[in-house]
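Please look over the structure shown here.

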Amino acid sequence: MYLRRLVKTPAAIRLSCVLVSMQACRNPDNSVAILCSCILAGLLKFRQQRACPEILYLCLLIKIPTPILQSCVYVSLQACQNVDCSVAFQCFYSPPGKELSEILKMVLGLFFAAISFFYSIVKSIYNFFFGKVHINSTDFDEGWFGRGPRPKGYSADTKTIRPFRIHISDDVLTDLRDRLEKARYEPPLEGANFSYGFNSNYLQSVVKYWKTEYDWRKHEEQLNKYPHFKTQIEGIDVHFVHVKPTLPEGSQLQVLPILISHGWPGCFYEFYKMIPLLTTPRPDQDFVFEVVCPSIPGYGFSESPQQKGFNATAAARIFRNLMDRLGHTRFYVQGGDWGSFISTILSKHYPQRILGIHVNMLSAMPKSWDLVKAVLVAYFPSLVPPAEYKGFYPFLQRLKMILAESGYFHLQSTKPDTIGCALADSPVGLAAYILEKFSTWTDKENQTSLDGNLTKKFTLDELLTIIMIYWVNNNFTASARFYKENIGNTTPEKIPLRVPSGIAFFPNDILMIPRWLLSRSVINLVSYNVMPRGGHFAAFEEPQLMADDIWNFVSLVQKKNLNY
């Protein structure tokens with residue numbers, strides 16, 4: 001493989017080299033000669049049958065006996081006219097000269113096989129971390145995710161923004177009550193609490209509350225307190241909440257649009273407590289926010305994609321088009337979980353449109369020497385602030401936690417429709433599957449509690465409203481497919497983030513990249529703050545902390561004119 005990089009040996013010859021080197025262990029009669037002929041054939045082919053130093057160096061390196069060397073040169077010249085090396089194979093069924101020992105042939109075969117394997121591994125690692133980034137230009141093209149083929153004249157007739165009001169039919173609610181009544185449970189292990197997943201004893205009490213005390217109509221009205229809209233983009237209806245600030249007459253406050261994106265297993269409702277904290281003017285600031293909070297297609301009240309390929313890049317493109325329709329040519333973006341990934345894609349693909357990005361879970365690939373820093377900090381923790389060290393180390397302990405909490409990720413990234421079939425039919429199963437995340441991802445220590453400390457940061461009404469949004473729209477499967485569609489979509493992570501950036505590090509989140517690992521991934525880091533508390537669902541858990549950090553970040557950007 002080293003020689004291949006040096007002289008660009010044809011692919012057919014490289015393949016023959018690998019195959020013959022493997023054969024060398026079993027065929028001591030002629031495999032070494034054939035291997036040498038293949039390599040020399042490639043060298044001579046590249047050099048147009050002229051002698052070259054690489055051939056002599058190779059011969060000296062592996063000490064090929066003179067008789068075999070002479071035969072190799074002869075057959076290599078013949079093989080130059082036959083790139084698939086068939087001549088070489090035929091001519092060396094009866095190699096002349098003294099045979100090499102069986103041990104030497106075995107070592108030689110293993111040597112070339114090992115070099116080939118090692119080179120492939122090194123090349124893959126290098127390309128993964130340092131390879132050139134090639135942006136697919138089709139990512140910017142308008143797609144189609146509606147049912148059936150794209151209709152003619154589609155683009156001209158679908159830019160209308162329609163008011164939308166949430167109202168679920170009585171039939172859906174009656175069916176839900178019937179299913180809750182028929183639920184069955186398997187007893188948990190003694191002392192398991194939440195360490196095996198959602199505790200079925202506590203689940204029964206949640207379902208009882210759901211049946212007897214939870215009032216959907218009441219929460220439906222609460223959901224409708226903010227203006228909702230829908231518009232069709234790329235063949236699917238996109239739902240969004242749009243809240244403008246209420247300004248006193250004659251106010252000179254600058255109104256800044258901000259696009260807020262959710263993740264899984266959340267939805268737009270996660271931001272309901274934070275929205276008024278952003279749209280209400282603050283006496284110490286000369287600006288206020290206009291909030292646009294869309295549902296990712298396949299989540300909330302957005303229509304589910306009907307075609308394959310709807311990933312975060314497509315979601316970012318659709319959200320950009322949404323902001324275009326609202327008249328916002330430049331805007332801020334904020335997100336966590338998938339919302340963070342979508343926000344970073346917006347910032348990297350359309351930097352001229354983004355005033356700044358604020359995230360509470362960054363998706364970025366550490367670059368080059370940042371990895372060396374990670375190793376050094378592992379042995380010298382005093383090099384970084386204790387809070388940042390705790391969020392990333394001890395690395396093996398952190399990795400163990402990630403593996404323990406990522407089973408859902410593997411399932412949804414491979415067979416989302418399988419788990420979707422089960423949860424589309426069972427509201428109790430849906431609640432257990434989703435609410436378990438609101439326990440463990442808020443604080444991993446909640447696994448030791450009988451009730452998962454679910455109501456420590458949330459109310460059952462809030463949690464069941466999120467479950468209801470998934471249930472009444474029957475789109476859990478679509479939300480799970482988003483994982484499968486994004487597997488392999490790593491190109492955005494390799495592109496440096498150059499727009500003004502703010503990061504809020506909530507200590508109980510599953511994983512957060514420390515500031516000192518972002519020197520080449522985030523070029524224009526304006527603020528990086530470690531929060532005193534909070535986990536994965538930051539805006540839902542700690543709306544005030546999140547809102548304060550957004551205000552602080554945007555204030556810094558505006559004052560420094562970093563976006564102009």
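The briefing goes from the whole chain to the sheet, then to helices and single residues.

This is a predicted model, in which local features need pLDDT of at least 70 and side-chain atom pairs count only at pLDDT 80 or more, while totals for chains, interfaces and linings use all residues. Residues are numbered from 1 along each chain as its sequence is written, and side-chain values use heavy atoms, with hydrogens and water left out.

**Whole chain**

- The protein chain holds 25 helices and 9 strands; helices (H or I, at least four residues) and strands (E, at least two) are DSSP runs numbered from the N terminus.
- Of its 564 residues, 53% count as buried, meaning under 20% relative accessible area, with exposed being over 50% and partly exposed in between (1.4 Å probe, protein chains only).
- The accessible surface of the protein chain is about 26,700 Å², and 57% of that belongs to carbon and sulfur atoms; areas come from the Shrake-Rupley method with a 1.4 Å probe, and for residues only the protein chains shown count as cover.
- Among contacts in the protein chain with a separation of 6 or more, 80% are between residues 24 or more positions apart; a contact means heavy atoms within 4.5 Å.

**The sheet**

- An open sheet of 9 strands runs in the order E1-E2-E3-E5-E4-E6-E7-E8-E9, with mixed pairing; two strands pair if DSSP finds at least two bridges between them.
- Strand E1 (161-164) and strand E9 (525-530) stand at the edges with a single partner strand each, so one side of each has no neighbour in the sheet.
- From one strand to the next, the twist averages 25°.
- Strand E4 (residues 254-261) is mostly covered, with 6 of its 8 residues buried.
- E4 runs parallel to strand E5 (residues 287-294), joined by 6 bridges, and isoleucine 258 has valine 291 of E5 as its bridge partner.
- E4 also runs parallel to strand E6 (residues 331-335), through 4 bridges; here serine 261 has glycine 335 of E6 as its bridge partner.
- Strand E8 (residues 501-505) is parallel to E9, with 5 bridges between them, and phenylalanine 505 is partnered by valine 530 in E9.

**Helix packing**

- Helix H9 (residues 200-212) and helix H21 (residues 460-473) have axes that come within 11 Å and cross at roughly 85°; axes are lines fitted to C-alpha atoms, for helices over the stretch in contact, and angles run from 0 to 180 degrees between N-to-C directions.
- The contact is formed by Tyr202, Val206, Tyr209 and Trp210 of H9 with Leu460, Asp461, Leu464, Ile467 and Met468 of H21.
- Helix H17 (residues 407-414) has Tyr408, Gln412 and Ser413 buried.
- Seen down the axis of H17, these buried residues fall within an arc of 125°, so they line one face of the helix; the arc is that of the directions from the helix axis to the C-beta atoms.
- The buried residues of H17 pack against helix H18 (416-425), helix H19 (427-440) and helix H22 (476-486).

- Threonine 279, in helix H11 (residues 275-279), counts as buried at 10% relative accessibility.
- Not counting residues up to four places away in sequence, threonine 279 touches Val243, Pro245, Thr246, Val288, Phe289 and Val291.
- Serine 555, in helix H25 (residues 543-560), is buried with a relative accessible area of 6%.
- With residues up to four places away in sequence left out, serine 555 touches Gln285 and Phe287.
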